[in-house]
Amino acid sequence: MLLRNFLKKSLVYYLTSQIPEGKISTYGHIAKAMREPNASRTICKILNINPTPVIIPCHRIVYADGQIGGYYEGVNEKIVLLSTEGIIIDNKKITNFKDILFTDFK
């Protein structure tokens with residue numbers, strides 16, 4: 001069980017690290033890439049304890065409707081990080097969500 005949890009965390013961090021600057025993805029897309037389509041909440045919990053934010057760019061993970069969602073340093077910090085990458089946000093929602101959605105996980 002402990003090994004399975006470690007492997008799951010490692011895979012979430014690995015997949016999240018693939019999202020390039022200026023792109024975003026969703027908890028659901030990470031779950032699908034893991035072949036665990038119902039694991040969105042688990043992924044959210046794992047990213048909430050991300051030991052190296054920004055290096056493992058959990059700020060690039062948003063909700064499926066384009067809403068920003070939470071961030072360990074607060075939503076405003078997440079907005080700042082995404083904005084510095086050129087992502088346009090209006091009222092805590094990504095305006096060009098479909099254009100910058102990353103789903104090409106390896």
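Helices (H or I, at least four residues) and strands (E, at least two) are DSSP runs, numbered from the N terminus. On that basis the elements of the protein follow the order α-β-α-α-β-α-β-β-α from the N terminus on, which comes to five helices and four strands. This is a predicted model, in which local features need pLDDT of at least 70 and side-chain atom pairs count only at pLDDT 80 or more, while totals for chains, interfaces and linings use all residues. Residues are numbered from 1 along each chain as its sequence is written, and side-chain values use heavy atoms, with hydrogens and water left out.

**Overall dimensions**
- The C-alpha atoms of the protein fill a box of roughly 40 × 25 × 20 Å along the principal axes.
- Of the 106 residues, 41% count as buried, meaning under 20% relative accessible area with a 1.4 Å probe and protein chains only.

**Packing of α1 and α3**
- The axes of α1 and helix α3 (residues 40-48), which are lines fitted to C-alpha atoms over the stretch in contact, come within 10 Å and cross at roughly 80°.
- That makes α1 roughly perpendicular to α3, a term for angles of 65 to 115 degrees.
- In this contact (heavy atoms within 4.5 Å), Lys8, Lys9, Val12, Tyr13 and Thr16 of α1 meet Thr42, Ile43, Ile46 and Leu47 of α3.

**Glutamine 18**
- Glutamine 18 lies in the loop between α1 (2-17) and β1 (25-26), and this residue is buried, with a relative accessible area of 18%.
- Leaving aside residues up to four places away in sequence, Glutamine 18 touches Phe102, Asp104, Phe105 and Lys106.

Methods:
Buried < 20%, exposed > 50% of the residue type's maximum accessible area, 1.4 Å probe, protein only. Axes fitted to C-alpha atoms, helices over the stretch in contact; angles between N-to-C directions. Parallel < 35°, antiparallel > 145°, perpendicular 65-115°, else oblique.
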